[in-house]
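Trainee: I have a new model to read. Can you walk me through its features?

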Amino acid sequence: PHVGAGGGAGGGAAVSTDVRLYVTDRRLPLAAREAVLRPPSLVVGVGASRGAPADEVLGLVGETLEDAGLSPPSVTALATVDAKAGERGPPAPAERLGVPLRTFPAAALAAVDVPTPSAAPLAAVGTPSVAEADELTAAGADDELVVRKRKSAPAGRPAMATCAVARRRPRGRLAVVGLGPGARDLLTPRARAELRRASVVVGLDQYVAQIRDLLRPGTRVLESGLGAEEERARTAVAEARAGHAVALVGSGDAGVYAMASPALAEAGADIDVAGVPGVTAALAAAALLGAPLGHDHVAVSLSDLHTPWAVIERRVRAAAESDLVVTFYNPRSRARHRQLPEALALLAKHRAPTTPVGVVRNASRPDEHVLLTTLAELDPRSVDMMTVVTVGNSATREVAGRMVTPRGYRWQM
Ligand code: SAH
């Protein structure tokens, strides 16, 4: 709850080096050139006997915050039991603090476990704790009780008000951000905005390197090498659950053979999730080749690391039989040579040897390479893990050095 942003960390404009901005609900002494922003983080639960004077409740709330070193402008709501909504006790102080009064049924409050239950409110309104249960109910189950229930201390008569304070745990956000194939101008403005918004970025080191200059100063970067996908996904979700704004980044679209699925398999309803689509390798390659995806098409990964080869083969055969344009991802690595020739042979059973094939390496990156060849002439050695291979359907033609798949087969006749 206490975040300081040092000076000199400005994003562009000239910033003097000795300014300091705090974001906290705690009172703190400010020196010259220091400022504080108050997050809407506190909920005050109040309990009051019938006829409790508004001043007694208000006084107790003020003292409680002061003694705990908490700032009133961070209070977002007063909370109490339904039965009190019509009395003067709790509503008037809420009005004077300028925050809404949130009321809850006694049954809902009774269901909340509290550290300091007592018999008096149980008899009066049917719940053993008004103040503590109120603010835990208003705030949310994960929230932290920062001040336990305390009573007012009016001179010469019994206390009529109680009060407790909770800090709301901020709801975390996980943005799953596709960075595009490489070139900066193929990164969408929305992806850029999510990267600026993030306080934690999780991703493969080479992808993080691609966008590091776009991050805000102070952004925590959790990068890792190849593999460790599950762990990366778990880390991203855990950080969001802790209340942070997390960006999980991946090349192309982060949902295509990438991190979105393991992350969302792990994420619960307790965090917000925002997906930002990216330009995939298949689309970037297609734009370089011409218009190979003008009719129905499919992507197939030839990596048998997570998928048995028999399954991959069956899908390639189906694509061959149904005359789909096919883009192969992960087509060939140093250790995997066999898969691409076998997949091409399956396609060749249903397509002419002259069928155009596009080989695009490092699309939109500095060492981009584009090759247009045919099913019969493709040399697998021109293909590696930085490459996608797009094979045309039976209607795909080369036109002026470009790969063109007609929109309808009728045009062909
Ligand atoms: N999420 C990515 C794909 C990740 S799988 C996307 O949406 O594009 C990794 C495979 O993608 C690589 O083996 C390669 O086949 C392909 N790939 C990724 N970036 C590429 C690029 N810039 N040029 C060509 N192929 C690329």
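Predicted model: local features only at pLDDT ≥ 70, side-chain atom pairs only at ≥ 80, totals over all residues.

Trainee: In which strand does V147 lie?

Mentor: V147 lies in strand β7. Not counting residues up to four places away in sequence, V147 touches T64, A68, L70, A164 and V165.

Trainee: How many residues separate V147 and V165 in sequence, and what is their C-alpha to C-alpha distance?

Mentor: They are 18 residues apart in sequence. In space, the C-alpha atoms of V147 and V165 are 4.9 Å apart.

Trainee: How do strands of a sheet pair?

Mentor: The general idea comes before the case. Strands of a sheet pair through backbone hydrogen bonds, in a parallel or an antiparallel sense. Here, β7 (residues 144-151) and β8 run antiparallel, joined by five bridges. R150 stands opposite C163 in β8.

Trainee: Which other strand pairs with β8, and over how many bridges?

Mentor: Strand β4 (residues 42-48) does, in the antiparallel sense, over seven bridges. A48 stands opposite A161 in β8.

Trainee: Is β8 mostly covered or mostly uncovered?

Mentor: Mostly covered. Strand β8 spans residues 161-167, and seven of its seven residues are buried. Check the side-chain directions too. A161, C163, V165 and R167 point one way from β8. T162, A164 and A166 point the other way. Both sets are buried.

Trainee: What is the strand order in the open sheet of three strands?

Mentor: The order is β14-β21-β20, and the pairing is mixed. β14 (290-291) and β20 (397-399) each have a single partner strand, so one side of each is left without a neighbour in the sheet.

Trainee: Do β14 and β21 run parallel or antiparallel?

Mentor: Parallel. Two bridges join β14 to strand β21 (residues 402-404). A291 stands opposite V404 in β21.

Trainee: Next, a charged residue. Where does R332 lie?

Mentor: R332 lies in the loop between β16 (325-329) and α12 (339-348). R332 is buried yet has no salt bridge.

Trainee: Which side chain of opposite charge is nearest to R332?

Mentor: That is D379, 6.8 Å away.

Trainee: What lies 3.2 Å from a polar atom of the R332 side chain?

Mentor: The backbone oxygen of V383. Not counting residues up to four places away in sequence, R332 touches H337, P380, R381, V383, D384 and M385.

Trainee: Now the ligand. Which residues come nearest to it?

Mentor: V256, A281, A363, M385 and T387, of the 20 residues around the ligand. M385 is also one of the residues that R332 touches.

Trainee: Which residues have polar atoms 2.9 Å, 2.8 Å and 3.0 Å from ligand atoms?

Mentor: Take them one by one. A ligand nitrogen is 2.9 Å from a polar backbone atom of S251. A ligand oxygen is 2.8 Å from a polar backbone atom of A281. For N330 it is the side chain: one of its N or O atoms is 3.0 Å from an oxygen atom of the ligand.

Trainee: Last, the whole chain. How many helices and strands are there?

Mentor: The chain has 12 helices and 21 strands. Of its 413 residues, 43% are buried. Among contacts between residues at least 6 apart in sequence, 65% join residues at least 24 apart.

Technical notes: Residues numbered from 1 in each chain as written. Heavy atoms only, no water. Buried < 20%, exposed > 50% of the residue type's maximum accessible area, 1.4 Å probe, protein only. Helix = DSSP H or I, 4+ residues; strand = E, 2+ residues; numbered from the N terminus. Pairing = 2+ DSSP bridges. Lys, Arg positive; Asp, Glu negative; His and termini not counted. Salt bridge = Lys/Arg side-chain N within 4 Å of Asp/Glu carboxyl O. Polar contact = N/O pair within 3.5 Å; in protein donor to acceptor, adjacent residues only side chain to side chain. Contact = heavy atoms within 4.5 Å. Near = heavy atom within 4 Å.
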